[in-house]
Amino acid sequence: MSTSARVRADACPGVFATHDAADGPLARVRLPGGAITQAQLRALADAADDLGDGALHLTSRGNVQLRGVTRPGLAARLSAAGLLPAPSHERVRNILASPLSDVAQRLAPALDKALCAAPELAGLPGRFLFALDGGQGDVAGEGADVCWRDGALLLDGADTGLRVTAEHAVEALISVARAFLRIRGTAWRVSELPGTDALLHGVSGERVEPETFPTKPGLPIGPIGDGAVGVAPPLGRLTSAQARAIAKAGNAVVTPWRSILVLGKPAGDTGLITDPREPSLGVSACIGHPGCAKSRADVRADAARIGRTPRAHFAGCERRCGKPAGEHVDVLAAEDGYLVDGTWVPADELATVLAEKGQQ
C-alpha cells in the first residue's frame, strides 16, 4: 500500500492496545534487545497460564506474544515485573540486539531508556525498528530502520558511510528516530521515505565510503561458550512449563529467529530443540487456522508434519505474518494446497516438493 493511500493508524498490537484475533485478544510484550530475567520469564509464564492460552509465542522481532488474553490484569502483572517501564512508549520499544555481543546487549537497555525518556518518540510507528549489531552481522540483516553495526550506521539495511563510536551509538539512533518522526508524513518505515539524507542531519561521526556488510542470521543451537545454550521451541511456541524450565536455569535472551539464548542449562527433557541437526529448525509459521480468521489452513499443523526442509515460512494468507527477514521458501496456503514460491502444489505433495528444494 502506498503511504499516500493510508487512512488508518498503525495497528501494531501491544499490551494496552491488543489485536482482536479469532482465538481472542493478542497482546505483544516488547523485550528490548531480547533480554529477560528469570523473574520476568516466570511472570510471563504465569500470565500465559492465568490469563491466556498457556504459551508464549516468540516473534520475528525477538518479542513475546500472549494469545487468548480474555481475563484482565495483564498490564498490572507486567508492570510489577518491570516489563512495562514506560506505558506511553510500550509499542515503540522495538530494539534488536546481537544476543552474543556484550556491547550490543549493554547498549540495548541504554537505548531503551533514552527512547522512553523522549516524550515525542512515543509517536513513532509501532513498526519502526532499531538494531544494535556487535559486528556479527546477525541482527543487521533483520530489516531494521536504523542499525548501529559495530561503528557503522545503517539505514534500511544500507551503510550510510557514517561511523559512530559505541559511546555515541544511542545518541545517533535517537537522533535518527527524531528526524524520522519530523519528516515521515504517512510513512511507517524508513524504506517508504523518498530519501534518507535528512535523517542524518545532526548525527556526528567520521565519514567514509559506504561498505556492503555480510549478514549471518541465527543463533547457534546447542552449547555456546561456558555454560550457555541455544534452544528453540518448535515453531516458536514456548509452553509455560518450558518457560519455567528456562527461568530455573538462568536469565535469557529471546532472539528474532524464534530461538532463545539461555544463560544456563535447562534440566531434564523440556521438549526444546537443542540439536542443530533437527529437521524442523528454520521452519516458521503464522498462527494459522483456527487462531486467525483470515487463514485458509491450519498451517502450523501442516508445517509440523513436514520432514526436513530448507528455511521456510508457512503462511495462511497473503499478509504472511511473522515471516523471517532473510532468504526463505515462501509457503502460502491456497485452495486445496499451497503456493510454494508462487507455484501451486497439492497438499499431499508438499513434503516432496520442499525436500527437493532443500537439496538444491
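The model is predicted, so local features need pLDDT of at least 70 and side-chain atom pairs count only at pLDDT 80 or more, while totals for chains, interfaces and linings use all residues. Residues are numbered from 1 along each chain as its sequence is written, and side-chain values use heavy atoms, with hydrogens and water left out.

**Helices**

- Helix 1 (residues 38–51) has 14 residues and reaches 20 Å from its first C-alpha to its last, close to the 20 Å expected at 1.5 Å a residue; the expected span is 1.5 Å times one less than the number of residues.
- Helices (H or I, at least four residues) and strands (E, at least two) are DSSP runs, numbered from the N terminus.
- Among the buried residues of helix 1 are Gln40, Leu41, Leu44 and Leu51, where buried means under 20% relative accessible area (1.4 Å probe, protein chains only).
- The buried residues of helix 1 pack against strand 2 (24–29), strand 3 (35–36), strand 4 (55–58), strand 5 (64–66), helix 2 (74–80) and helix 5 (240–249); contact means heavy atoms within 4.5 Å.
- Helix 4 (residues 169–183), with 15 residues, reaches 22 Å from first to last C-alpha, close to the expected 21 Å.
- The buried residues of helix 4, including Val170, Leu173, Ile174 and Phe180, pack against helix 3 (102–116), strand 7 (130–133), strand 8 (146–149) and strand 9 (152–155).

**Aromatic pairs**

- The structure holds 3 aromatic pairs; rings of Phe, Tyr and Trp (its six-membered ring) pair if their centres lie within 6.5 Å, and planes under 30 degrees apart count as stacked, over 60 as edge-to-face and the rest as tilted.
- Phe128 and Phe130 form an edge-to-face pair, at 5.2 Å centre to centre and 70° between the planes.
- Phe128 is buried at a relative accessible area of 1%, and Phe130 is buried at 0%.
- Phe128, Phe130 and Phe180 form one aromatic cluster.
- The ring centres of Phe314 and Tyr338 lie 6.0 Å apart with the planes at 75°, so this pair is edge-to-face.
- Because Phe314 lies in strand 18 (residues 312–315) and Tyr338 in strand 20 (residues 337–340), the pair ties together parts that are 24 residues apart in sequence.
- Both Phe314 and Tyr338 are buried.

**Second largest pocket**

- The second largest pocket has a volume of about 450 Å³, a volume being the space filled by probe spheres set on grid points joined across faces, edges and corners.
- On a 1 Å grid over the protein atoms alone, a pocket is an open set of points where a 1.4 Å probe fits, with protein on both sides within 12 Å along at least five of seven lines; lining residues have an atom within 4 Å of a point.
- Of the 23 residues lining the second largest pocket, Trp257, Leu281, Gly282, Val283 and Arg311 lie nearest its centre.

Note on methods: Buried < 20%, exposed > 50% of the residue type's maximum accessible area, 1.4 Å probe, protein only.
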